[in-house]
Amino acid sequence: PDGGGRGATAMLRPLVAPALVFFTLTMGFGGIVTFLPLAVPDAATASGALFIASLCMLAGRLAAGMVGDRLTAGRQLLPGALVGAAGMVGVAVGTTAGGGAWGAAGAGLFGLGLGIVQNDSLVLILGRAGPGRHGTASAVWNFAYDGGTGAGAVLLGAVVAGADYPWAFAA
């Protein structure tokens with residue numbers, strides 16, 4: 001608005017932190033949906049883990065919405081990210097020999113954490129963008145979702161090229 005773009009930069013600045021937390025979790029999601037079926041030789045185990053991750057993601061969104069009605073937006077980002085990180089450790093263990101149960105549990109924890117961050121980041125970004133800027137907030141949030149998913153698949157693939165699946169998921 002001021003001709004130099006500083007108005008847009010100032011408006012986007014408060015949206016960056018929650019978008020980066022969400023971007024980080026969606027990177028894990030991109031890695032899981034792209035490479036878990038390749039990392040786990042049993043199709044039923046891989047499919048089950050992906051199904052559990054999706055169910056738990058929905059549960060995380062629901063829980064975050066219910067809790068979010070009583071908390072300030074953004075208070076669930078760190079706990080959700082930590083739950084997601086713990087889940088990714090479980091996925092990494094699950095890609096080792098005999099770790100199928102760990103992988104399913106890890107995928108569930110990861111999905112739960114992603115769902116929590118997904119919901120809380122959206123509410124926080126919409127609130128920080130302010131009235132009349134929902135299009136901008138939606139674009140930032142959707143970029144974090146889609147960009148993180150794509151970046152996660154590419155980056156995990158690059159790590160897999162130099163290491164095995166457990167190390168790639170751990171990274």
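**A friendly walk through the helices**

Reader: Where does Thr95 lie?
Author: Happy to start there, keeping in mind that this is a predicted model. Helix H3 covers 77-94 and helix H4 covers 100-129. Thr95 lies in the loop between H3 and H4.

Reader: Is Thr95 buried or exposed, and which residues does it touch?
Author: Buried means under 20% relative accessible area. Thr95 has a relative accessible area of 11%, so it counts as buried. Leaving aside residues up to four places away in sequence, Thr95 touches Leu36, Ala39, Val40, Tyr165, Pro166 and Phe169.

Reader: What distance does helix H2 reach from its first C-alpha to its last?
Author: Helix H2 takes in residues 43-68, 26 residues in total. At 1.5 Å a residue, 38 Å is expected. The model comes close to that, with a reach of 37 Å.

Reader: How are the planes of Phe29 and Tyr145 arranged in their aromatic pair?
Author: The whole structure holds five aromatic pairs. In the one formed by Phe29 and Tyr145, the centres are 6.5 Å apart and the planes make an angle of 85°. Planes over 60 degrees apart count as edge-to-face, so this pair is edge-to-face.

Reader: Which helices does that pair link?
Author: Phe29 and Tyr145 are 116 residues apart, in distant parts of the chain. Both are buried, Phe29 at 16% relative accessibility and Tyr145 at 18%. The helices are H1 and H5.

Key: Residues numbered from 1 in each chain as written. Predicted model: local features only at pLDDT ≥ 70, side-chain atom pairs only at ≥ 80, totals over all residues. Heavy atoms only, no water. Helix = DSSP H or I, 4+ residues; strand = E, 2+ residues; numbered from the N terminus. Expected span 1.5 Å × (residues − 1). Buried < 20%, exposed > 50% of the residue type's maximum accessible area, 1.4 Å probe, protein only. Contact = heavy atoms within 4.5 Å. Phe/Tyr/Trp six-rings, centres within 6.5 Å; stacked < 30°, edge-to-face > 60°.
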